[in-house]
Amino acid sequence: MINSTTFLIVLRFILLVLVQVLVFNKLNFFGYINPLVYILFLYWYPIKQNRTTFILLCFFLGLCIDIFSDTFAINAAATVTIAYLRPTIMRFVFGVNYEFQSFKLNNSTKAQQFTFLALLIIIHHLVYFTLEIFSFANSLLILQKTVVVGISTLILGILFSTLFSTKKE
């Protein structure tokens, strides 16, 4: 029998892949802004779950996006990078609460949630666009795409987080 946490993880995985591939990969705002909303999987993944399983799931998430987007494992590399760095980011954002794992993401402040999501997006996009452009001569272009696409992803991430929040007010 599959428990509710595992079911929710699998459902989010499938839905985020489908939404990214069928909706957001088709949108190009202003010709080059393509939000990468599948990063929300890393934001919503439970904190107390097995880290090895999490990194493997993130690899498969990135690989699924790569297969449908034809991007040669760039998404997989960027997703595994932030999956690996997630505990460090959480330690930076949540401090002592993360060390004792005595909190849930929904119980943290809005500023902490925003900072956590923003750091995930910035690191992912820096790795993604560095691998995509693969030229340090174009560092300004890498930073420009990271900021512009990052802002659009952050706005949509906050919107989705608000819409699909499990916290009852």
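Predicted model: local features only at pLDDT ≥ 70, side-chain atom pairs only at ≥ 80, totals over all residues.

User: How many aromatic pairs does the structure hold?

Analyst: Eight. Rings of Phe, Tyr and Trp (its six-membered ring) pair if their centres lie within 6.5 Å; planes under 30 degrees apart count as stacked, over 60 as edge-to-face and the rest as tilted. One of the eight pairs is Phe 24 with Phe 160. That pair is edge-to-face, 6.1 Å centre to centre with 65° between the planes.

User: Where in the chain do Phe 24 and Phe 160 sit?

Analyst: In distant parts, 136 residues apart. Phe 24 belongs to helix 1 (residues 4-24), Phe 160 to helix 7 (residues 139-163). Helices here (H or I, at least four residues) are DSSP runs, numbered from the N terminus, as are strands (E, at least two).

User: Are Phe 24 and Phe 160 buried or exposed?

Analyst: Both are buried. Buried means under 20% relative accessible area, exposed over 50%, partly exposed in between (1.4 Å probe, protein chains only).

User: What about Tyr 45 and Phe 54?

Analyst: They make a tilted pair, 4.5 Å centre to centre and 35° between the planes. Tyr 45 counts as buried because its relative accessibility is 5%. Phe 54 is buried too, at 4%.

User: Which residue lies over the face of Phe 54?

Analyst: Arg 86, at 4.9 Å from the ring centre. The cut-off for a charge over a ring is NZ of Lys or CZ of Arg within 6 Å of the ring centre and within 35 degrees of the ring normal.

User: Back to helix 7. How many residues does helix 7 have?

Analyst: Helix 7 has 25, and spans 35 Å from first to last C-alpha. That is close to the 36 Å expected at 1.5 Å a residue, taking 1.5 Å times one less than the number of residues. Its buried residues include Lys 145, Gly 150, Gly 157 and Phe 160. The buried residues of helix 7 pack against helix 1, helix 2 (40-44) and helix 6 (110-133); contact means heavy atoms within 4.5 Å.

User: New topic. Which residues have the most contacts inside the largest nonpolar core?

Analyst: Leu 40, Phe 41, Leu 42, Tyr 43, Leu 61, Phe 116 and Leu 120, in a core of 42 residues. A nonpolar core is a set of buried Ala, Val, Leu, Ile, Met, Phe, Trp, Tyr and Cys residues joined through side-chain atoms within 4.5 Å.

User: Which helix gives the most to this core?

Analyst: Helix 4, with eight residues.

User: And what does Leu 42 touch?

Analyst: Not counting residues up to four places away in sequence, its contacts include Phe 54, Leu 61, Arg 86 and Leu 120.

Key: Residues numbered from 1 in each chain as written. Heavy atoms only, no water.
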